[in-house]
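This report describes a predicted model. Please look over the sequence and the structure before reading on.

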Amino acid sequence: RAYMNEAAVSLAREGQRYPALLKGQFPADDLPADGKWCLKLEFPEVVSPADRGSDDQRRLAIRVRSVKLSAVALPVV
């Protein structure tokens, strides 16, 4: 699950391969008073690379390469 400033953001995955590309939209007109946006990601579970034979014992959800935010003009209705 993803949230921007505590509001749920619906994500859509493009393709089935890795790395995964997830896209979502959120309204930018409700900017918090402090001017900071907060992106929160929640995961149903974590896994350890050790479960697949690695020496790495960490419990991980995902590895994020990048996050890109872009302004999108929506059609006027």
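Is N5 buried, partly exposed or exposed, and why? The relative accessible area of N5 is 25%, and because the partly exposed class lies between the limit for buried, under 20%, and that for exposed, over 50%, N5 is partly exposed. This residue sits in the loop between β1 and β2, and its phi is near 50°, a positive value in a residue other than glycine.

E6 also has its place in the loop between β1 and β2, with a phi near 75°, which is again positive although the residue is not glycine. The relative accessibility of E6 is 60%, so this residue counts as exposed.

In general, the strands of a sheet pair through backbone hydrogen bonds, in either a parallel or an antiparallel manner. Here three strands form an open sheet in the order β2-β1-β5, with antiparallel pairing. The edge strands are β2, residues 7–9, and β5, residues 39–41, each of which pairs on one side only. Within this sheet, neighbouring strands are turned against each other by 30° on average when direction is ignored.

Strand β1, which covers residues 2–4, is joined to β5 by three bridges, and the two strands run antiparallel. As for individual positions, M4 has L39 of β5 as its bridge partner.

## The hairpin of β3 and β4

A further antiparallel pairing, over four bridges, is made between β3 and β4. These two strands form a hairpin with six residues between them, and in the turn G15 has a positive phi of about 80°. Across the pairing, A12 stands opposite K23 in β4.

## The aromatic pair

A pair of aromatic rings is described by the distance between the centres and the angle between the planes. The structure holds one aromatic pair. Its members are F26 and W37, whose ring centres are 5.3 Å apart and whose planes stand at 85°, so the pair is edge-to-face. Both F26 and W37 lie in the loop between β4 and β5, and the pair links distant parts of the chain, 11 residues apart.

How accessible are the two partners, F26 and W37? F26 counts as partly exposed because its relative accessibility is 26%, and W37, with a relative accessible area of 39%, is partly exposed as well.

## The largest pocket

Rolling a probe the size of a water molecule over the atoms shows where empty space is left. In this model, the largest pocket holds about 1800 Å³ of space. Its lining is made up of 42 residues, of which A20, L21, L22, K23 and S66 are the closest to the centre of the pocket. The elements that give two or more residues to this lining are β1, β3 (11–14), β4 (21–24) and β5.

Which element supplies the largest share of the lining? That share, four residues, comes from β4, the strand in which K23 stands opposite A12. Sorted by class, the lining of the largest pocket has 28 nonpolar, five polar and nine charged residues.

Definitions and conventions:
Residues numbered from 1 in each chain as written. Predicted model: local features only at pLDDT ≥ 70, side-chain atom pairs only at ≥ 80, totals over all residues. Heavy atoms only, no water. Pairing = 2+ DSSP bridges. Axes fitted to C-alpha atoms, helices over the stretch in contact; angles between N-to-C directions. 1 Å grid on protein atoms, 1.4 Å probe; cavity = no way out; pocket = protein on both sides within 12 Å on 5 of 7 lines; lining within 4 Å. Points joined across faces, edges and corners; volume = space filled by probe spheres on them. Nonpolar A, V, L, I, M, F, W, Y, C, P; charged D, E, K, R; others polar. Buried < 20%, exposed > 50% of the residue type's maximum accessible area, 1.4 Å probe, protein only. Phe/Tyr/Trp six-rings, centres within 6.5 Å; stacked < 30°, edge-to-face > 60°.
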